[in-house]
Amino acid sequence: MSVAPPATRTVPFHVPHTAERQDAYLRRVLDSGDLDGDGPFTARAGELLSEMTGARHVLLTPSCTHALEIAALLLDLAPGDEVVMPSFTFAPTASAFALRGAVPVFVDCRPDTLTLDESALEAAITERTRAVVAVHYAGVAGDLGAIRRVADAHGVPVVEDNAHGLGASYRGSPLGGVGALATLSFHATKNVHCGKGGALLVNDDALVDRATIIRDRGTNRHQYFRGQVDKYRWVELGSSYILPEPLAALLAAQLEEFDAVQARRHAVWDTYHRALPEWAADQGVALPTVPEDNAHSAHLYHLVLPSAADRAALLRHLADRGVQATFHFQPLHTSPAGVRHGRAAPGGCPVTERVADRLVRLPLHTALSDAQAEQVVDALRSFRTGAVRAADREDPR
Ligand SMILES: Cc1ncc(COP(=O)(O)O)c(C=O)c1O
């Protein structure tokens with residue numbers, strides 16, 4: 001008969017960060033009556049993001065999804081064009097390009113960093129390839145240099161889906177400043193947020209005017225405001241992709257605290273990473289890998305269990321001990337829309353399929369106390385992957 005563990009307080013999986021000045025900033029926007037967007041807080045948030053990422057131009061959007069949609073419009077995709085990306089990502093990475101009639105071509109991920117497997121990239125590229133999307137899973141870029149080399153050799157741009165990686169870098173270059181275009185997410189689940197928001201980072205000067213037009217309902221209204229045209233007109237396909245100023249105010253307040261947010265998140269991440277290696281090795285569990293030339297963003301702390309059954313058992317075990325943990329992306333190449341609109345690259349995506357069934361994300365946020373991080377560690381260390389076959393343990397992925 002199993003003995004119920006003692007009652008513990010719940011450790012929430014996520015608590016959105018609260019910035020000290022966000023109420024005051026929001027009040028200021030509401031009092032100004034200028035709620036539309038592209039106001040002083042948008043400018044402030046844009047400056048901070050430009051400093052953090054080195055991006056040449058920052059356009060705030062209502063979400064990362066919308067920023068990806070602008071990227072797809074900028075690429076002038078025609079039906080049948082192809083965009084190469086990892087299968088291990090969130091639906092909008094693919095949907096944004098499929099909306100323009102392009103075919104997402106799904107490449108497997110590396111077993112260590114869970115980012116696009118650069119060794120499978122060459123085989124995925126055809127004469128219809130128009131872009132490669134690098135997804136910096138958990139704010140780790142993997143071998144972004146190799147991805148760029150293959151894309152450059154074929155003359156196609158790299159788009160960085162950097163929803164997770166604000167503050168991270170590859171060989172000293174901040175993520176988001178490397179590809180021709182990059183996107184960020186400020187959804188409430190991200191390190192810094194405004195409830196729902198995003199940004200398109202434009203690193204190719206030739207694209208910024210069109211990006212600005214696409215974001216403003218396809219009109220050249222910004223040129224009208226600058227006195228460059230006497231009336232503004234519909235000049236491109238576009239949509240309503242400007243972040244409202246009240247959300248920009250929340251975002252500016254959060255970005256001003258970015259260093260403190262990151263310090264706390266890294267402290268929790270490091271606590272897990274210091275405490276778990278012995279247990280993980282014993283139990284055949286893989287911990288996150290951050291290559292030496294990458295600096296990560298402390299966005300996620302993930303474990304890959306030896307089997308799907310182990311994952312289900314671990315999630316139950318943690319829940320019984322008050323720890324909220326969860327799984328993550330489901331492979332896109334086998335998802336209903338992925339099958340309809342895309343295809344897997346040669347070789348398929350076996351690593352993605354294995355990892356998606358076995359990955360667990362641990363609580364990681366600024367409201368997490370040291371005691372709660374210890375509670376998570378203790379709960380993990382009391383778990384055994386008992387149902388695991390010895391052969392699986394040697395290669396958890
Ligand atoms: C890799 C990736 N891309 C894109 C998105 C979409 O971000 P948003 O919710 O801001 O549209 C997410 C969301 O978490 C994501 O994880």
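Helices (H or I, at least four residues) and strands (E, at least two) are taken here as DSSP runs, numbered from the N terminus. By that scheme, A298 is found in the loop between β10 and β11 (302-304). This is a predicted model, where local features need pLDDT of at least 70 and side-chain atom pairs count only at pLDDT 80 or more, while totals for chains, interfaces and linings use all residues. Residue numbers run from 1 along each chain as its sequence is written.

**Domains and how they meet**

- Across the boundary, 37 residues of domain 1 are in contact with 35 residues of domain 2, a contact being two C-beta atoms, placed from the backbone, within 7 Å.
- On the side of domain 1 that touches domain 2, the elements giving two or more residues are α4, β3 (103-107), α5 (121-124) and β6.
- β3 supplies the largest share of that side of domain 1, with 5 residues.
- That side of domain 1 divides into 25 nonpolar, 9 polar and 3 charged residues; here Ala, Val, Leu, Ile, Met, Phe, Trp, Tyr, Cys and Pro count as nonpolar, Asp, Glu, Lys and Arg as charged, and the others, Gly among them, as polar.

**The nonpolar core**

- The largest nonpolar core has 122 residues, and A71, L181 and L200 touch the most other members.
- Domain 1 (22-256) and domain 2 (258-394) both give residues to this core, so it lies between them.
- Such a core is a set of buried Ala, Val, Leu, Ile, Met, Phe, Trp, Tyr and Cys residues joined through C-beta atoms within 7 Å.
- Buried means 20 or more other C-beta atoms within 10 Å of a residue's own, exposed means 12 or fewer, and partly exposed is in between, with C-beta atoms placed from the backbone.
- Leaving out residues up to four places away in sequence, L200 touches L59, T61, A67, I70, A71, L181, T183 and A211.

**Around the ligand**

- There are 14 residues around the ligand, of which S63, C64, T65, A163 and S185 come nearest; a residue is near if its C-beta atom, placed from the backbone, lies within 6 Å.
- α3 (64-74) and α4 (91-98) are the elements that give two or more residues to this shell.
- The shell's make-up is 5 nonpolar, 8 polar and 1 charged.

- β6 (residues 169-170) and β7 pair over 2 bridges in the antiparallel sense, and Y170 stands opposite S173 in β7.

**Loop residues to look at**

- Y137 lies in the loop between β4 (129-135) and α6 (144-153) and is buried, with 28 other C-beta atoms within 10 Å.
- Not counting residues up to four places away in sequence, Y137 touches F88, T113, L114, T115 and H164.
- D76, in the loop between α3 and β2 (82-86), has a positive phi of about 50° although it is not a glycine.
- D76 is exposed, with 11 other C-beta atoms within 10 Å.
- A298 also has a positive phi, near 50°, in a residue other than glycine, but A298 counts as buried, with 23 C-beta neighbours inside 10 Å.

Conventions:
Domain bounds come from an automatic or database domain assignment. Two strands pair if DSSP finds at least two bridges between them.
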